[in-house]
Amino acid sequence: MEGYRILKHNWTIPSAWDIDVYRKQCTFGYETARKVVTTMEPSAVRETVKQAGLRGRGGAGFPAGVKWGFVPKNASKPTYLINNADEGEPGTFKDRYIMERDPHQMIEGMIIAGFALQAPQAYIYIRGELGLAARRVQNAIDQAYAAGFLGKGIFGTGYSLEMTVHRGAGAYVCGEETGLISSIEGKKGNPRLKPPFPAVVGAFGAPSIVNNTETLTSIPYILEHGVEAYRTFGTEKSPGTKLFTVSGHVEKPGVYELPLGFPLKKLLYDVCGGIRGGHKLKAVIPGGSSAPVLTADEAERANLDYESLMEVGSMLGSGGVIVMDDTTDMVWALKNLTHFYAHESCGQCTPCREGTRWLDDIVTRFYENRATEEDFDRLLDICDSMSGTTICALSDAAVFPVKSFITKFRDEFEKHTVHGTGG
Amino acid sequence: METSDKPAKIAFSEENERRFQRLLPHYPNREAAMIPALHLLLEQYGFVSREVMAYVAERLEVPLSKVLAVASFYTMLNMERVGRYHIQVCRTLSCALRGSEEILAHLEKRLGIKAGETTPDGKFTLSTVECLASCGTGPVLQINRDQYEESLTVEKIDAILDRLP
């Protein structure tokens, strides 16, 4: 079923995290980075990634090559390349697998990106909980230094690149790029107002490009095989392949690499073996917990690319597909998520700090059959005051599940009011 | 790990001093080494005490308030002493759909404590945590800083607890 192997190719090769195995048995093997650094102009690398249409795989889907172009020419400070490996979006577990199974391909992608940006220093911000991933990546970095692929004058050229693992310490909001920058600077992970964008004023006041781990790991293929080859996968506006992490009520949860535009229905029923135990599909959250929920009908006609999921009122996000079957109590499921956002709000902006708590309180009221009809409007009012009024997207992310759950599964919430018949 | 209630003066161990010195050149200023330094001391002492924070402030040449702000912001930087085994059960949706509530209930019963508590002998602390990025193999829990246990069942929990010395 899986013929698409840009990102997962090396995962089945034993000990691909060891540099000898990576160089002898895996694709790229640092030869792509060598070719790029020794024969190409940085501007040509940037242009290639832009033409390939690679879009950010962390959630926002912003074109990586365009983002790279925002670094001011002749900036007074050097550019930092930052790999966002703070994987924390509920339902998402792809970057952890990349780091544990194939850290060298990610590092090779970072060398190419670093060269394209002429960055002297790269950071890999790894979520604090991911101990094995951090050890594998650090070991891979040490090996790459020893081989002359990192450090001073890499591949015998004049380009030098230092690479540092920086581990987080438990905060969802640090996955937001400006929160991550605050955290690298040794501060609380409070996000910052944009503009200025990190590409202009980022870490330590210097231009900084923050790319997701999967985005960076996609880069060696593009430079090795070219724009056209990459664009044979996916759709016109969403080129390439993407890792989808499927969890919840399917027979075979896991990480699957698929071309963008792949039908969600085929992912659920063919790739993942269908809904568990012969149950029926009820709902799918297609892009991590911050993406609006889809009903079974919507899910079965959606395709997995940025545009198609926008059309059905949701988003591709991080590619974390959470599947719920007909045994799922949607009020219970939403309460689980409102608790998450209330816990993770950094508290900096009032609408988010107060709003996430209120959402959780009121959804809990539904769960405990104490809600009234007015609570529907109250939830929507709070959602309105939280949308677009804060520094970062966490507030909006908390709103999406609430609005979509109570709209699409209103009958279930009705049953949980004091006048309801069920519960 | 330091267990006495009156620890000797807080300081990096020799090994951690070397690690600290190695990481400083990776940053343009000392403050940026805050989280890495706290991780090192957390490994060494088991929790971020006021003395640990004062030591970090001194070594990074920043006010104590900055260290306190960081230590209180991040969930992994325990400011209270935890048990020898800190069992952290993921409570977020994907794990919950696969039965994490039963896993937590079983742990509470076996250990005789609620989430957020420590057993009287100081062996176990039980907590719930948010998504551990292991949703495909849920329910999942983490023991201390670095050990994942995946695809949990009640039987598996019993085997894990029996195996911990």
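**View 1. The interface of chain A and chain B.**
In this predicted model, 62 residues of chain A are in contact with 38 residues of chain B. The two chains bury about 3,700 Å² between them, and 57% of that area is on carbon and sulfur atoms. On the chain A side, A:Glu129, A:Ala169 and A:Trp332 lose the most area to chain B; together they account for 16% of what that side buries.

**View 2. Polar links between chain A and chain B.**
The rule finds two salt bridges across the interface of chain A and chain B. A:Arg135 and B:Asp146 meet through their side chains in a salt bridge, with an N to O distance of 2.2 Å. Across the interface of chain A and chain B there are also 23 residue pairs in polar contact, with both residues at pLDDT 80 or more. Several elements of chain A give two or more residues to the side that touches chain B. The helices among them are helix 5 (95-101), helix 7 (131-146), helix 8 (177-184) and helix 13 (330-344) of chain A. The strands among them are strand 2 (121-126), strand 3 (162-167), strand 5 (241-248) and strand 11 (320-325) of chain A. Helix 13 of chain A supplies the largest share of this side, nine residues. Sorted by class, the side of chain A that touches chain B has 28 nonpolar, 21 polar and 13 charged residues.

**View 3. Domain 1 and domain 3 of chain A.**
Chain A is divided into domain 1 (19-231), domain 2 (241-325) and domain 3 (330-414). The centres of domain 1 and domain 3 of chain A, taken over C-alpha atoms, are separated by 34 Å. Eleven residues of domain 1 of chain A are in contact with eight residues of domain 3 of chain A. Between them, domain 1 and domain 3 of chain A bury about 840 Å², of which 72% is on carbon and sulfur atoms. A:Tyr172, A:Val173 and A:Pro191 supply 53% of the area that domain 1 of chain A buries against domain 3 of chain A, more than any other three residues. The count of salt bridges between domain 1 and domain 3 of chain A is zero, while the count of residue pairs in polar contact, both at pLDDT 80 or more, is two. By class, the side of domain 1 of chain A that touches domain 3 of chain A has six nonpolar, two polar and three charged residues.

**View 4. The two domains of chain B.**
Chain B is divided into domain 1 (14-73) and domain 2 (85-163). Over C-alpha atoms, the centres of domain 1 and domain 2 of chain B are separated by 29 Å.

A:Thr79 is found in the loop between helix 4 (64-68) and strand 1 (80-85) of chain A. A:Thr79 counts as buried because its relative accessibility is 7%, and the cut-off for buried is under 20%. Leaving aside neighbours within four places in sequence, the contacts of A:Thr79 are A:Val71, A:Leu117, A:Ala119, A:Pro120, A:Gln121 and A:Pro207.

**View 5. Cis peptide bonds at A:Pro195 and A:Pro196.**
A cis peptide bond joins A:Lys194 and A:Pro195, with omega about -5 degrees. The peptide bond from A:Pro195 to A:Pro196 is also cis, with omega near 0 degrees. A:Pro195 is placed in the loop between helix 8 and strand 4 (208-212) of chain A, and A:Pro196 is found in the loop between helix 8 and strand 4 of chain A.

**View 6. Positive phi at A:Tyr30.**
A:Tyr30 is a residue other than glycine with a positive phi, near 70 degrees. A:Tyr30 lies in the loop between helix 1 (19-25) and helix 2 (31-39) of chain A. With a relative accessibility of 0%, A:Tyr30 counts as buried.

**View 7. Positive phi at B:Glu61.**
B:Glu61 is not a glycine, yet its phi is positive, about 60 degrees. The place of B:Glu61 is in the loop between helix 3 (50-60) and helix 4 (64-73) of chain B. B:Glu61 counts as exposed because its relative accessibility is 61%, and the cut-off for exposed is over 50%.

Technical notes. Residues are numbered from 1 along each chain as its sequence is written. Chains are lettered from A and ligands numbered from 1 in the order in which they are written. Side-chain values use heavy atoms; hydrogens and water are left out. Contact means heavy atoms within 4.5 Å. Buried area is the accessible area (1.4 Å probe) that two parts lose on being put together, summed over both. A salt bridge is a side-chain nitrogen of Lys or Arg within 4 Å of a carboxyl oxygen of Asp or Glu. A polar contact is a pair of N or O atoms within 3.5 Å; within protein, one must be able to donate a hydrogen and the other to accept it, and residues adjacent in sequence count only if both atoms are side-chain atoms. Helices (H or I, at least four residues) and strands (E, at least two) are DSSP runs, numbered from the N terminus. Ala, Val, Leu, Ile, Met, Phe, Trp, Tyr, Cys and Pro count as nonpolar, Asp, Glu, Lys and Arg as charged, and the others, Gly among them, as polar. Domain bounds come from an automatic or database domain assignment. Buried means under 20% relative accessible area, exposed over 50%, partly exposed in between (1.4 Å probe, protein chains only).
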